[in-house]
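Welcome, and thanks for taking a look at this one with us. Please have the sequence and the model open side by side as you read the notes below.

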Amino acid sequence: MRVSHVSQGVFLAAALALSAIATAQVPDANLLLQALTPRSLGPVNMGGRVSEIAVYDKDPRIFYVAAASGGLWKTTGGGVKFEPVFQYESASALGAVTVDQDNPDRVWVGTGEQNSRNSSSWGAGVFKSEDGGKSWSFVGLEKTHHISKIAFHPKDKNVVYVAAMGDLWGPSSERGVFKTTDGGKTWNKIHYINDMTGTIDMIMDPRNPDTLIIAQWQKKRTAYSFASGGPGSGVYKTIDGGKTWKKLTKGLPSSEMGRVGLTQFRKNPNVLIASVESKEDRGIYKSTDLGESWTFLNNLNPRPFYFSVPRIDPSDESRVYVPGTNFHYSEDGGKSFKVMNINIHVDYHAMWINPNDNNHMMTGNDGGIAVTRDRGVTWEHLDNLVIGQPYAVAVDMRRPYWVYGGFQDNGTWGIPSQSERGNVTMADARFFNGGDGFYVQVDPTDWRTVYAESQGGAIARHNMQTGEQRFIRPRAPQGETYRFNWNTPFIISPHNPQTLWLGGNKLFKSVNRGDTWTEASPDLTTNDPEKLKPGGGVSPESTGAEMHCTIITISESPRKADVVWVGTDDGNIQLTQDGGKNWEKITIPDVPAGTWVSRVVASNHSLNRAYVAFDGHRSANFNSYLYMTDDMGKTWKKLSGSLGENEVVYSVCEGRVNPDLLFAGTEMGLWVSLDRGSNWTKVNKQVGFPTVRVDDMLIHPTEADLVIATHGRSFWTIPVSALEQITRANMEKEVFLCQPTDAYTFGKIFDGWFEGDRILATPNTQPGTTIYYYLKESTEEKVEVNIKTADGQSLGKLAGKGAKGLNSVFWRPRGNRGATLATGTYLVELTVGEKTFATTVRYEDLVAKPE
């Protein structure tokens with residue numbers, strides 16, 4: 001095979017600007033979005049990573065859960081039911097939440113996850129609510145990116161302290177401890193080490209709120225490495241509200257330190273426990289003089305960069321907890337530890353112990369929230385939080401169709417879009433592949449064949465009917481080693497379901513469903529040896545999460561087989577037009593070299609068209625990079641100019657029917673363009689879609705739903721059939737009636753039994769269909785939709801609205817006088833004043849089969 005380099009030094013943006021796409025007048029997209037209804041599908045079974053829990057101790061039925069990337073959730077009934085109360089702000093990733101112990105409606109959140117893993121999302125500062133989360137005010141510190149703790153002064157409500165980690169991916173001065181004395185109007189930085197050291201933990205002496213003890217943590221994360229620890233790490237104390245500070249060293253390790261976790265004994269606040277990461281003498285330390293001196297107790301300190309949240313039982317000094325991958329506890333004050341036998345998810349990041357009843361505890365882990373009321377003997381998983389973190393999404397072609405995806409630390413799941421019970425619940429979801437879940441693909445001709453993978457390209461082929469599975473990752477020949485990203489991409493060819501493409505450092509092709517593989521390319525990455533070195537720091541580890549110089553995205557043109565685009569995590573775009581015999585390296589001049597290529601998408605509509613997105617956040621570059629080519633990569637037009645900072649693009653989806661329809665998924669949400677990327681509108685509060693990271697999405701080929709993998713709020717669907725039909729030509733019409741998607745029924749729908757309020761249920765959208773129509777201008781005339789049989793018999797009239805833009809009515813199929821409606825095609829008539837417009841709708845009477 002031959003590899004050449006094609007430098008694209010000339011942009012033809014001016015020429016593209018002369019095209020109709022750039023010059024056409026596009027109406028306000030909100031006028032079209034107003035009729036759409038996003039749907040939260042779940043699943044909720046696996047939960048998702050929790051950063052912090054804030055409980056109103058006087059009434060523990062009231063508590064708040066800060067999800068790592070899914071916003072803030074509140075319960076007033078002890079977890080029987082949760083409501084999202086922070087879902088439309090400028091960020092959804094949370095690292096801290098604090099509730100006023102004198103007023104459960106006063107709650108502050110710090111955005112940006114504090115756990116510092118490779119997939120952690122950043123935030124947009126500090127927000128406060130005075131009404132229990134009904135409304136929020138931004139109070140500053142936007143550039144701190146990751147906030148670990150917030151502490152209220154117990155008497156002066158205007159005094160608040162914030163511990164800020166700062167930028168995870170690069171140097172920043174916006175880190176350390178910040179203090180406000182006017183309720184967040186202004187802030188002072190009261191402790192700062194250097195531009196690589198942030199504050200990871202903070203405790204306040206309840207007897208003297210001017211006394212604080214903090215843990216500073218120096219670390220460095222790049223796209224290809226992580227090093228925890230450095231000279232900036234350490235423990236500090238102030239007794240005058242931050243005016244002066246003292247470094248606490250007596251008894252603590254003299255070697256270089258990393259992350260430190262702190263906890264205080266409620267009955268005697270002079271007693272502290274610290275988990276200390278260090279090169280030497282790492283482990284558990286105890287102080288009995290408020291940090292002035294420390295004694296080493298035990299070398300336990302599980303994966304300190306990711307956990308480090310020790311807790312002392314507020315009523316029993318001898319009972320110490322060290323949550324980690326497993327749940328450790330001590331009954332002798334920390335001298336020795338046992339592992340608690342718990343049948344809940346591992347990886348514990350947060351913990352609360354009831355100060356009035358130490359049998360009652362809660363943990364926040366990678367699977368959500370767990371509660372015990374007998375000091376850990378038995379546990380309950382609160383499986384009603386929609387905070388799943390899928391990286392990818394796929395669908396099958398059944399009716400109703402199923403949605404599949406791989407979830408962070410929760411394997412791969414499938415869930416139906418409709419259920420026989422009338423509501424989709426956790427009982428409908430199916431787990432079938434372990435590990436960290438990532439890409440998943442379904443054979444479009446056989447729903448039984450599903451491919452799923454866990455980290456490092458560990459791909460398996462599953463038979464969903466028999467349960468049979470086969471591990472099919474390509475094996476390197478003797479003497480060679482392949483590299484696979486933590487999140488390894490693979491696709492099924494749109495031309496042949498037997499053909500798979502999978503990316504490592506090379507592109508691999510299989511023509512027999514993964515039974516055998518061939519190398520379809522040489523190494524397509526930079527193969528930079530500096531980016532392939534093992535991790536460093538005081539606690540180096542090699543999990544594969546930082547594996548670099550790998551292919552991260554693949555797209556084969558739907559227009560022509562063997563035209564394949566790939567993007568790599570070290571900035572390369574590569575194109576073959578002959579199945580891998582020859583390759584061209586494509587460059588886009590204004591993108592910084594080495595920037596992660598988050599997505600390549602070959603167009604549904606033109607062989608020469610493709611879209612490329614770049615993600616620079618791992619290089620501390622938070623700009624938006626999305627481009628389109630119409631000449632096979634020779635020239636490029638930037639589409640992301642109006643998206644702005646922090647809207648880093650992760651996913652792109654083109655209309656299947658409408659070539660001007662384009663969706664972009666970013667760190668902060670979902671965007672839509674009706675003119676192929678020239679103008680963008682955020683899909684958010686106006687339709688009920690949350691601010692959340694959008695990692696992947698697709699449009700279902702037959703049902704015309706936009707199916708979305710949100711990394712923090714599980715799967716969502718949005719019906720976009722109308723957007724597929726509202727072309728520029730149709731928007732020029734006074735009235736346009738859209739062709740509805742099919743309606744169908746399962747037969748009898750079972751509503752379930754008396755399950756209470758705990759079960760989270762998503763109502764079916766079938767049987768029925770939404771009938772959309774577009775009005776160029778608003779009207780006061782009567783608007784009505786009439787459904788008729790072929791012989792003109794009316795099945796019912798539906799009153800419509802006369803608002804400018806897109807409107808809708810919902811039709812639920814019913815025969816006259818209770819008769820069963822026959823499968824067939826029915827007439828849809830829209831009447832606006834004296835004018836009538838017509839189309840048809842297909843209805844099918846299906847017998848539900850538990851396939």
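The mean positions of the 88 positive and 93 negative charges of the protein chain lie 1 Å apart; Lys and Arg count as positive and Asp and Glu as negative, with His and the chain ends not counted, and each charge is placed at NZ of Lys, CZ of Arg, CG of Asp or CD of Glu. Do keep in mind that this is a predicted model, in which local features need pLDDT of at least 70, side-chain atom pairs count only at pLDDT 80 or more, and totals for chains, interfaces and linings use all residues. Residues are numbered from 1 along each chain as its sequence is written, and side-chain values use heavy atoms, with hydrogens and water left out.

**The chain as a whole**

- The protein chain contains five helices and 69 strands, where helices (H or I, at least four residues) and strands (E, at least two) are DSSP runs numbered from the N terminus.
- Its radius of gyration is 28 Å, close to the 29 Å that the globule rule gives for 851 residues, so the protein chain is as compact as a globular protein of that length; the radius is taken over C-alpha atoms, and the rule is 2.2 Å times the number of residues to the power 0.38.
- The C-alpha trace of the protein chain spans about 90 × 65 × 55 Å along its principal axes.
- Of the 851 residues, 62% count as buried (under 20% relative accessible area, with exposed over 50% and partly exposed in between, using a 1.4 Å probe and protein chains only).
- Among contacts in the protein chain with a separation of 6 or more, 56% come from residues 24 or more positions apart; a contact means heavy atoms within 4.5 Å.

- Strand S59 (residues 705-710) is mostly covered, with six of its six residues buried.
- One side of S59 carries Asp705, Val707 and Ala709 and the other Leu706, Ile708 and Thr710, all of them buried.
- Strand S58 (residues 694-699) pairs with S59 in the antiparallel sense over five bridges; two strands pair if DSSP finds at least two bridges between them.
- Ile699 stands opposite Leu706 in S59, and Leu706 in turn stands opposite Ile718 in S60.
- The hairpin of S58 and S59 has five residues between the strands, and Ala704 there takes a positive phi near 60°.
- S59 runs antiparallel to strand S60 (residues 714-719), joined by six bridges; three residues lie between these two strands in their hairpin, where Gly712 in the turn has a positive phi of about 150°.

**Strand S48 and its neighbours**

- Both faces of strand S48 (residues 573-576) are covered: Ile573 and Leu575 are buried on one side, Gln574 and Thr576 on the other.
- Strand S47 (residues 564-568) runs antiparallel to S48, with four bridges, and Val566 has Gln574 as its bridge partner in S48.
- Four residues separate S47 and S48 in their hairpin, with Gly571 at a positive phi near 100°.
- S48 is joined by three bridges to the antiparallel strand S49 (residues 582-586), where Leu575 stands opposite Glu584.
- Five residues lie between S48 and S49 in their hairpin, and Gly579 takes a positive phi near 75°.

**A four-stranded open sheet**

- Four strands in the order S28-S29-S30-S31 make an open sheet with antiparallel pairing.
- Its edge strands, S28 (348-353) and S31 (380-381), each pair on one side only.
- Two bridges join the antiparallel strands S30 (residues 368-372) and S31, and Val371 stands opposite Glu380 in S31.
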